[in-house]
Amino acid sequence: MVKAQIKIQQMLFMLLAITLFFVLVGIFLLVLGSSGLKKSAIELQEKNALMLVTRLANSPEFSCEESFGSNKINCVDADKVIMLIQNSKKYDGFWGASNIIIRKIYPEIDGEIVCSLSNYPNCNIIKVYSENNDGADVSNFVTLCRKESSGGEYYDKCELAKMSVSYELR
Amino acid sequence: MINKKGQKQKLRIFSAIRGKSGQEEFVGFGLIMIVVAVVLLIFVGFALKKNSNAELVESYEVESFIQTMLQYTTDCEDNLEFLSVQKLIFDCRENEKCLDGRNTCNVLNETLEKIIDASWNVETGSLVKGYELIVLDESVEMIKIQKGNSTNNYKGSKQIFSKGSNTIEIIFTTSY
């Protein structure tokens, strides 16, 4: 009788242990699986954000194309953009973004000076398009190039800037 | 009669031994289970920790930063134009001087330091804890700029470009 009880107890323990083991393995696999999913979701989000800013920076309205030597990647023609902001209303809904701002990072200028035709290029913020302040914000480094004059001659001046794009969350 | 008694005693001893070994088996099995459970929990813990850190890192920014930095126009002029950082690296390699007599390597170092300092804030409380820029000329260290702390959670990018047979590597890493 005692022996049989011990046997039953042994089996019970064994079953419990096996169940516990499989539950733990299951949890481990679930965590691994969800971490992979999360990682790919973040990567996709990053790619989309990069693509949005890169797409805009390399679009004909912004891109340097071949005005500053060879074709540059992520290069924004500041002279072109400063003229574009006069007509930004015509681009309502065209870029798929609610705000497009280019902020000069280097060389640094004291304070925040919004660019207009009267103060350009002595400014550091170009508000290309501004619809509202809501939505997610993505940004990326871009080269901000313009034609600068020195001693009566023109040369290419490229500076460091960050292009921020806000888009409405759906 | 004596034989029967002896046999009974022997049986008792055997069953006692068997019972003891059974208990030992239980203890051993229990110990194995505990070890397996602890190992699994450690794995789960690591997986969760790794996850929370990955969200903060945005590698594309680092990649774009190197590209943009290389295109920046410095105030060092040669006979033709104001040099970009990329051209200045090659001039520095050949120990050239700017038109105003400054050493190209000094200008390069100074410009790179200022650019990175303006672009990546490593002050206390900011997301980025530190950065490191290494410029390699044929795998030999040419420039190294470092600020802040280096952590295990980092993201970096490498860009290789060449002029003639010379290859320059730029490695930029940010710690979070």
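At what angle do the axes of helix α3 (residues 85–93) of chain B and α4(B) cross? This is a predicted model, in which local features need pLDDT of at least 70, side-chain atom pairs count only at pLDDT 80 or more, and totals for chains, interfaces and linings use all residues. Residues are numbered from 1 along each chain as its sequence is written, while chains are lettered from A and ligands numbered from 1 in the order in which they are written.

The axes of α3(B) and α4(B) cross at roughly 140° and come within 8 Å. Axes here are lines fitted to C-alpha atoms, for helices over the stretch in contact, and angles run from 0 to 180 degrees between N-to-C directions. Helices (H or I, at least four residues) and strands (E, at least two) are DSSP runs, numbered from the N terminus. The helices α3(B) and α4(B) are therefore oblique to each other; angles under 35 degrees count as roughly parallel, over 145 as roughly antiparallel, 65 to 115 as roughly perpendicular and the rest as oblique. Among the residues of α3(B) that meet α4(B) are Leu88(B) and Ile89(B), and their counterparts in α4(B) include Val107(B) and Leu108(B). Two residues are in contact if their C-beta atoms, placed from the backbone, lie within 7 Å.

In chain B, 4 strands form an open sheet in the order β4-β3-β6-β5, with antiparallel pairing; two strands pair if DSSP finds at least two bridges between them. Because β4 (140–148) and β5 (154–163) of chain B each have a single partner strand, they stand at the edges, and one side of each is left without a neighbour in the sheet. From one strand to the next, the twist averages 10°. Helix α4 (residues 104–119) of chain B packs on this sheet, where it touches β3 (130–137) and β4 of chain B, and its direction makes about 35° with that of β4(B).

Chain B also meets chain A, in a contact that takes 32 residues from chain B and 31 residues from chain A. On the chain B side, α1 (2–54), α2 (59–71), β2 (82–84) and α4 each supply at least two residues. The largest share, 13 residues, comes from α1(B).

Finally, confidence: the model scores ipTM 0.72 and pTM 0.70. The mean pLDDT of chain B is 82, pLDDT being the predictor's confidence in each residue, from 0 to 100. Over residues 52–57 of chain B, pLDDT stays under 50. Where pLDDT is low, the predicted coordinates should not be read in detail.
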